Amino acid sequence: MRTPADHTRDIAELLHPLSVRLADPASAEHVALDDARGRLLAVDVTSPGSVPPFANSQMDGYAVRSGDVSTASATEPVTLTVGETSAAGDGIGTHLAGTASPVMTGAPIPRGADAVIPIEHADPPHFVGIGGASHDAPAGTTVAFTAPVDAGTYVRPAGADLAVGDVILVAGTRLDAVQLGSLAAAGVAEVPVRPRPQVLLLSTGDELRAPGEQLAPGQIYDANTTSLTAALHEAGAMVVRAAVRDEASAVLAELSRHPAVDLVITAGGVSAGAFEVVRDALTDAGVAFGPIAMQPGGPQGFGAIETADGRRVPVIAFPGNPVSALLSFEMFLRPFLRDVAGLSPLRRVARAPLAHAITSPRGKHQVRRGALRADGTVEVGAPGSHLLHDYARATVLAHIPIGVDALPEGAEVEVWRIDE
């Protein structure tokens, strides 16, 4: 029987062409910055202008020529006439030799000045006659300085952050707050991003009804569509949902209605029963079905189907029990999707001692839902594939490898943190 490791390799091989296509710059989508959060850049983005576009002040103070205050000292201060003010949003003014030009943080450095002296280092240590409706100081106002200043002090040169043509961010960068801010500062309004995988999620079963509908005898609510849609979204995929009755023709008809998707995920109809609709519909279409040595989640299917236009679309078929479906996603698909989305593909792995003894089928890799206790031990629940409530309360997945049939209290097991 194939192992989970075998199935992981097969799924990775199946999905490799998709990852290559998503990373191809030719597949890039151009989106506005407001729509780009969490996306990956498809190509390098260069700066269309300098950042900052002009030399500006790092402080509130006075723009001066450093030579005009080179002799200033506490005993012999240099007194200068106050010139024109530069505030944020003003154009670039002209500084006259022998003056001190009031300049606010972020405002352009007037031409002719080469340094800024902070207001707290001036005498008086506050602006006179500036503020409110008064843009400039009254004629004849003076200010004194008691120390020299080096050229370039508290001046942010034009292009200090980025020059025209500099690479702002390289292809493959995930766009979050800081990255988007850097693009915006350079005046970039639209960016080329890698497309998200488009996934068709197909649930099967005549017994399934949507939450909120009335149940007839023998019917149950469809948990897989809700849980797998959320899991796919969390991993960066776009989801189209569909539910079909237990007829092979209905499965094939639904697939034909979505020829443009990148990936098909099915839930249910893959086991060894007499009415396994996904297996019946897709075995001859290129999807292989069979058990793997895992509990829960033994029945699996994978392969590729051909669309009417000749595209080959990968199909991953999960079992229908809700825990089995989610664990299958966790084991075999989540790492791939998060990797192509630029997210950490793997859960944080640790080892923890068991809070109690357990048994496990020797020939299977068992995945048990559990929770870490305050003392660092892990308490695991029953392995049943129908116990979705236990999964909802779990903080870890405990892995019992093939070849182990029992473990005593205190034995260490590998756990994946699913609460982070």
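Predicted model: local features only at pLDDT ≥ 70, side-chain atom pairs only at ≥ 80, totals over all residues.
Q: At what angle do helix H3 and helix H6 pack, and how far apart are their axes?

A: Angles under 35 degrees count as roughly parallel. Helix H3 (residues 224-234) packs on helix H6 (residues 322-340) at an angle of about 15°, with the axes 10 Å apart. The two helices are therefore roughly parallel to each other. The crossing of H3 past H6 is right-handed.

Q: Which residues of H3 and H6 meet?

A: From H3 come Asn 224, Ser 227, Leu 228, Ala 231, Leu 232 and Glu 234; from H6, the partners include Leu 326, Phe 329, Leu 333 and Arg 334. By class, this contact of H3 with H6 has 9 nonpolar, 2 polar and 3 charged residues.

Q: How is the packing of H1 and H6 described, parallel or antiparallel?

A: The axes of helix H1 (residues 4-23) and H6 cross at roughly 30° and come within 9 Å. H1 and H6 are therefore roughly parallel to each other, and H1 passes H6 in a right-handed crossing. On the H1 side, the contact involves residues including Ile 11, Leu 15, Leu 18 and Leu 22, while H6 contributes Met 331, Phe 332, Leu 333, Phe 336 and Val 340. The residues of this H1 contact with H6 comprise 10 nonpolar, 3 polar and no charged.

Q: How many cavities of 30 Å³ or more does the structure hold, and what lines the largest cavity?

A: A cavity is a set of points where a 1.4 Å probe fits but cannot get out. The structure holds 1 cavity of 30 Å³ or more; the largest has a volume of about 30 Å³. Its lining consists of Tyr 62, Val 82, Pro 124, Val 128, Ile 130, Ala 137, Thr 141 and Thr 142, which divide into 6 nonpolar, 2 polar and no charged residues.

Terms used: Residues numbered from 1 in each chain as written. Heavy atoms only, no water. 1 Å grid on protein atoms, 1.4 Å probe; cavity = no way out; pocket = protein on both sides within 12 Å on 5 of 7 lines; lining within 4 Å. Points joined across faces, edges and corners; volume = space filled by probe spheres on them. Nonpolar A, V, L, I, M, F, W, Y, C, P; charged D, E, K, R; others polar. Axes fitted to C-alpha atoms, helices over the stretch in contact; angles between N-to-C directions. Helix = DSSP H or I, 4+ residues; strand = E, 2+ residues; numbered from the N terminus. Parallel < 35°, antiparallel > 145°, perpendicular 65-115°, else oblique. Left-handed = near helix turned anticlockwise from the far one by under 90°. Contact = heavy atoms within 4.5 Å.
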